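Welcome, and thanks for taking a look at this one. Here is a short briefing to read alongside the sequence and the 3D view.

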Amino acid sequence: MRRKTRAAGSVPLIIVAGLLAAGCGGSAASGGGGTDAAAGPAAGSSNGGSSGSGGPAGGSPAAGAASCSHGLTPAVTGVVDVFCSGTAKFHVRVGSVSKDIVGGDCHSVPGDNVWTASAGVITQYGVYKGPAVDSVAVNNTSSGGGTIQLTLNGKTYLVDGGTFDLSDGAKAAHLRGKATSESDGPGALVTVDITC
């Protein structure tokens with residue numbers, strides 16, 4: 001189920017995670033919403049759900065979904081949701097560390113100036129005990145900036161009030177900003193490039 005929401009100032013996606021906990025949003029794969037964090041105490045998921053099929057260029061959709069999800073499903077204890085069956089490709093970078101996450105989703109609400117994208121495995125902090133997984137969730141804000149929630153190699157990074165550039169008819173986005181003090185790497189430069 002997808003939920004229509006307005007971008008709210010520079011409010012980070014943490015608020016959206018609270019909406020998911022109330023049962024709004026979630027992927028078609030799980031039929032539900034998230035409850036807590038993306039492998040960390042302060043990250044969550046954007047609204048929207050997984051749909052379609054995706055994968056790396058030249059590869060099979062199943063291979064792309066498997067590398068994104070690590071074979072996990074919402075049936076695994078502590079896995080809240082999996083956003084890996086879409087066609088979006090994310091290139092994330094924190095300092096000198098970068099990674100591609102393939103199989104995410106992009107969502108826009110025409111007329112409301114709302115744009116969100118998410119990919120990866122959303123886990124519940126303190127409950128999930130499996131291997132480290134990556135996830136990324138971004139959205140624009142009504143002030144023209146953007147927020148980023150990223151779990152990369154077991155570390156969580158939050159950006160509030162970063163730059164947000166949308167291009168190619170809302171099919172590509174570039175976000176950039178410094179990680180907040182709540183992040184595992186406060187002050188780290190975080191960039192996310194998305195092709196939907």
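What percentage of the contacts in the protein chain with a separation of 6 or more comes from residues 24 or more positions apart? The figure is 55%, where a contact means heavy atoms within 4.5 Å. Please keep in mind that this is a predicted model, in which local features need pLDDT of at least 70 and side-chain atom pairs count only at pLDDT 80 or more, while totals for chains, interfaces and linings use all residues. Residues are numbered from 1 along each chain as its sequence is written, and side-chain values use heavy atoms, with hydrogens and water left out.

**Confidence**
- The protein chain has a mean pLDDT (the predictor's confidence in each residue, from 0 to 100) of 73, and 66% of its residues reach 70 or more.
- Confidence is highest in β9, at 97, and lowest in helix α1 (residues 14-21), with a mean of 32.
- For residues 1-61 the pLDDT is below 50, and this stretch has 165 contacts in the model beyond near neighbours in sequence.

**Layout and surface**
- The protein chain contains two helices and nine strands, taken as DSSP runs numbered from the N terminus (helices: H or I, at least four residues; strands: E, at least two).
- Read from the N terminus, the order is α-α-β-β-β-β-β-β-β-β-β.
- Of its 196 residues, 48% count as buried; buried means under 20% relative accessible area, exposed over 50%, and partly exposed in between (1.4 Å probe, protein chains only).
- The accessible surface is about 8,300 Å², with 54% belonging to carbon and sulfur atoms; areas come from the Shrake-Rupley method with a 1.4 Å probe, and for residues only the protein chains shown count as cover.

**Nonpolar core**
- The largest nonpolar core has 30 residues, among which F90, V136, V138, L150 and I194 touch the most other members; such a core is a set of buried Ala, Val, Leu, Ile, Met, Phe, Trp, Tyr and Cys residues joined through side-chain atoms within 4.5 Å.
- Strands that each supply at least two residues of this core include β2 (88-94), β5 (135-140) and β9 (189-195).
- Leaving aside neighbours within four places in sequence, F90 is in contact with residues including K99, A117, V136 and I194.

**Salt bridge**
- The structure holds one salt bridge, defined as a side-chain nitrogen of Lys or Arg within 4 Å of a carboxyl oxygen of Asp or Glu.
- The side chains of D134 and K99 form a salt bridge at 2.6 Å, N to O.
- D134 lies in the loop between β4 and β5 and K99 in strand β3 (residues 97-109), 35 residues apart.
- D134 is buried at 8% relative accessible area, whereas K99 is partly exposed at 29%.
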